[in-house]
Amino acid sequence: MKEQIANLEEKARQLRISIVRALHSSQSGHTGGSLSAIDMVTALYFHKMRHNPADPAWEGRDRFVLSKGHAAPALYAALADAGYFPKEDMMMLRRLGSHLQGHPDSKGTPGVEVCTGSLGQGLSMANGMALGLKADGKDNRVYAILGDGELQEGQVWEAAMAAAHYKLDNLCAMVDANNLQIDGEVEKVMNVAPITDKFSAFGWHVLDIDGHDMEAIVNALDAAETVKGKPTVIVARTVKGKGVSFFENKASYHGVPPSDEELPKALKCLGCTED
Amino acid sequence: MSKMIATRDAYGETLAELGAENKNVVALDADLSGSTKTGVFAKKFPERFFNMGIAEANMVGTAAGLAAVGKIPFLSTFAIFAAGRAWEQIRQSTAYPKANVKIVATHGGVTVGEDGGSHQSVEDIAIMRAIPNMTVIVPADGVETRGAIRAAAAMKGPVYVRLGRNKVPTIFPDDHRFEIGKGVEMVAGSDMTFVTTGLMTAQAMAAAESLKKDGISARVVHIGTIKPLDREIVLKAARETGAIVTAEEHSVIGGLGGAVSELLGENCPTPVKRIGINDRFGTSGKAEELLKYFGLTPEALVDAAKEILTRK
């Protein structure tokens, strides 16, 4: 277990490097929220989910929905590393003609299940997947990552209500609670706390963890699988920009990529000394 | 008198038939299953019917998710709540990914009646038509509705079908074969053409009959698929008759009249008069009264035809 956790931590570090490089290359995109979500994405793609990069449409696969679609670089980094498409594609992020769109687009990117990016809609789509798989008596699981700012969208709570109503225990939502959104701290822009109590009241099983503690993430994902009769939400307390000290906890890095000057410093923070 | 049937009733029956034929067909509703007639499906296939409560945005997203795992979801509510309330969800979650979601919106137009302007969707064709990847169908009667629902199920991708609340006359023979993107010449004519959709096609056919008395030969072209528009049948009518009156139970802005005007303006400039709701909201009243009130009658179409002939 210890070795497995260490391997996942190392994977997350490599993916952070991939994210930073891609964002620097595109000079556009969302740095902070990609880095806060990447530990969860890593645990999903390299520990928890059943999936087959050689056959993205494999029926036995678990499904993942990045509801906070602006963290697309985190998803793309995981997919590229897993082998869904060449890693070089990362350097084409957000460019004209690239399949790596600014926000996830299932039409072009192997491994991307649905189109997300307009906040508040991903949990509904995850619900639909979970509902359909359950109706067919299949045991595939469905995972979704939402932002904490995203919880301000009313549709999230329509979906939260429906997931509990239909007892979607094959669904596990994760909230990347980094407490920052474009205009500032979530609690100042529009307070969504207490997140855990809200989901509890809606009939969900709730876990509250440190979203950068890989062992805690893995344990929570494993625990979610054992919950019957209700969906599980993992409220992951995270740090926006995690891993690059000068990005951390800064709302100003929500939609700002690393500059030429910042790139080597950022890579250094991530233990990468090349260029 | 031809058989009267509401298009929503034809939908309910056809959806239940599809459910029996294909286990991947599922249905969703937002607390209006009795009115939209998805209730017929729900009764037969309760395990494949999902009532999403009064939450249309989530219903659309859920349908997209169901489509993503191989289901053929039909979702229904009133047109104002489907196209209006959930427009952006339809755009992002279904049209952008080309999700195989079938949006069947009932209670389109002013014939919703007594519920009034809040519930009468007169903009849905325009706003659905504006979305890339979206197919928009407005059947004229029960027969065409059956064909349209089956065609929607058979095609891959998002479809918006607009149905009505009230009984309308059957104008197609039982063996009519509906084809997406194909208009139908209902009445031959050479002096002018009514290009119509939904319940206005029957009104135009009555108008054409009446115009004969005045020696005017009016063609009637029914457009069941607003998008993709059958360009050929409209251009042919414009070239051959030289004057077009469009008619729809919808705003004159952006719907069938808009689509026809765009096509003709660019390809075959022809005098066009658009009959529809003139940039205003609906109001309470009986359906028949409202059609008169808004000028959606054979009499109004006769007047429009005579007017357009003076502009030829």
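Colleague: What makes up the domain assignment of chain B in this predicted model?

Modeller: Domain 1 covers 4–169, and domain 2 covers 184–309. These bounds come from an automatic or database domain assignment. The C-alpha centres of domain 1 and domain 2 of chain B lie 25 Å apart.

Colleague: How many residues of each domain of chain B take part in the contact?

Modeller: Domain 1 of chain B gives 30 residues, and domain 2 of chain B gives 36 residues. Contact here requires heavy atoms within 4.5 Å.

Colleague: Take Tyr160(B). Why is Tyr160(B) called buried?

Modeller: The cut-off is under 20% relative accessible area. Tyr160(B) has 0%, so Tyr160(B) is buried.

Colleague: Where is Tyr160(B) found, and what is Tyr160(B) in contact with?

Modeller: Tyr160(B) is found in strand E7 of chain B, residues 159–162. Leaving aside neighbours within four places in sequence, the contacts of Tyr160(B) include Ala79(B), Ile103(B), Asp124(B), Met128(B) and Val136(B). Ser217(B) is 57 residues along the chain from Tyr160(B), and their C-alpha atoms are separated by 34 Å.

Colleague: Now the aromatic rings. How many aromatic pairs are there over all chains?

Modeller: The count comes to eleven.

Colleague: Why is the pair of Phe41(B) and Phe45(B) called tilted?

Modeller: Two values decide. The ring centres are 5.1 Å apart, and the limit for a pair is 6.5 Å. The planes stand at 50 degrees. Stacked needs under 30 degrees and edge-to-face over 60.

Colleague: What makes Phe78(B) and Phe81(B) stacked?

Modeller: Their planes are 20 degrees apart, and stacked means under 30 degrees. The centre-to-centre distance is 6.1 Å, within the 6.5 Å limit.

Colleague: Why do Phe78(B) and Phe81(B) count as buried?

Modeller: The cut-off is 20%. Phe78(B) has a relative accessible area of 5%, so Phe78(B) is buried. Phe81(B) stands at 18% and therefore counts as buried.

Colleague: Which residues form the aromatic cluster in chain A?

Modeller: Trp157(A), Phe199(A), Phe202(A) and Trp204(A) form one cluster.

Colleague: Where do Arg48(B) and Lys11(A) lie?

Modeller: Arg48(B) lies over the face of Phe45(B), 4.4 Å from the ring centre. Lys11(A) lies over the face of Phe46(A), at 4.8 Å from the ring centre. The distance limit is 6 Å.

Colleague: On to the sheet in chain A. What is the strand order, and which are the edge strands?

Modeller: Five strands form an open sheet in the order E1-E2-E3-E7-E6, with parallel pairing. The edge strands are E1 (63–66) and E6 (205–210) of chain A, since each pairs on one side only. From one strand to the next, the twist averages 20 degrees.

Colleague: How do you know that E3 and E7 of chain A pair?

Modeller: Pairing takes at least two bridges. E3 (171–177) and E7 (232–237) of chain A have six, in the parallel sense. In E7(A), Ala236(A) is the bridge partner of Asp176(A).

Colleague: What lies across this sheet?

Modeller: Helix H2 (31–48) of chain A lies across E1, E2, E3 and E7 of chain A. Helix H2 runs at about 155 degrees to E3(A).

Colleague: Ile38(A) lies in helix H2 of chain A. Why is Ile38(A) called buried?

Modeller: Ile38(A) has a relative accessible area of 0%, so Ile38(A) is buried. Not counting residues up to four places away in sequence, Ile38(A) touches Ala12(A), Leu15(A), Arg16(A), Ile19(A) and Ala74(A). Ala72(A) is 34 residues from Ile38(A) in sequence and 10 Å away in space, C-alpha to C-alpha.

Technical notes
Residues numbered from 1 in each chain as written. Chains lettered and ligands numbered in written order. Predicted model: local features only at pLDDT ≥ 70, side-chain atom pairs only at ≥ 80, totals over all residues. Heavy atoms only, no water. Helix = DSSP H or I, 4+ residues; strand = E, 2+ residues; numbered from the N terminus. Buried < 20%, exposed > 50% of the residue type's maximum accessible area, 1.4 Å probe, protein only. Axes fitted to C-alpha atoms, helices over the stretch in contact; angles between N-to-C directions. Phe/Tyr/Trp six-rings, centres within 6.5 Å; stacked < 30°, edge-to-face > 60°. Lys NZ or Arg CZ within 6 Å of the ring centre and 35° of its normal.
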